[in-house]
Amino acid sequence: RSAGLIQQMSVVLRPFPASTFSVGQVEPREAGVVHSPGSSGDRNFTNSFLSYQIAKTLNWYERNEHRGLRFDEITDMFAHTGIQPNPLRQRIKTVAVYDKNTQIWETKPITDYDDFPGHEALGRKIAPEGVATYHMSLATMRRMLDIGLEIL
């Protein structure tokens with residue numbers, strides 16, 4: 001009731017065509033954990049997420065354009081994150097090999113003895129909730145910088 005008036009909420013159910021598919025997540029894979037900036041949980045997620053993004057992009061370029069990527073092309077992908085070149089280079093080394101002659105990074109071959117399982121396996125290790133909180137934290141930091149808050 002609002003100011004003596006009765007408010008009604010109506011619900012309309014419609015049948016869906018047989019060709020319509022619906023996809024959803026039944027329950028979270030991870031209990032809503034938001035890691036504080038700079039914590040070990042934050043670093044662990046960020047490292048595995050960056051490795052996956054680098055491997056996925058390298059794989060796409062190798063498959064579609066038949067070439068690897070130069071270091072400056074990879075750093076341009078992460079310009080919005082503020083990640084320094086040396087930590088980024090460490091992430092690249094976990095998923096790619098560097099050719100000194102061409103100065104190109106290419107995806108590591110998947111072998112039994114190496115620790116690189118392929119970009120699909122890296123992607124399966126990352127929870128969707130972690131990706132959402134990562135992007136939400138980047139957006140929050142951007143808003144704080146926009147209003148002039150640099151140090152809390």
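F45 is buried, and F49 is buried too. Keep in mind that this is a predicted model.

**Aromatic rings**
- F45 and F49 sit four residues apart in helix α1 (residues 40–64), about one turn of the helix.
- An α-helix has 3.6 residues a turn, so positions three or four places apart point the same way.
- Ring pairing here goes by centres within 6.5 Å, and by this rule there are five aromatic pairs.
- One of them is F45 with F49: the ring centres are 5.4 Å apart and the planes meet at 15°, so this pair counts as stacked.

**A charge over a ring**
- F71 has R89 lying over its face, with 4.2 Å to the ring centre.

**The two sides of helix α3**
- Helix α3 spans residues 85–95, and its buried residues are L88, R91, I92 and V95.
- Why do they end up on the same side of α3? They cover an arc of only 100° around the axis, and that puts them on the same side.
- Over on the other side of α3, you'll find N86, Q90 and K93 exposed.

**What α3 packs against**
- The helical partners of the buried α3 residues are α1, α2 (71–77) and α4 (119–124).
- Strands get a share too: those buried residues also pack against β1 (96–99) and β2 (104–107).

Definitions and conventions:
Residues numbered from 1 in each chain as written. Predicted model: local features only at pLDDT ≥ 70, side-chain atom pairs only at ≥ 80, totals over all residues. Heavy atoms only, no water. Phe/Tyr/Trp six-rings, centres within 6.5 Å; stacked < 30°, edge-to-face > 60°. Buried < 20%, exposed > 50% of the residue type's maximum accessible area, 1.4 Å probe, protein only. Lys NZ or Arg CZ within 6 Å of the ring centre and 35° of its normal. Arc of directions from axis to C-beta. Contact = heavy atoms within 4.5 Å.
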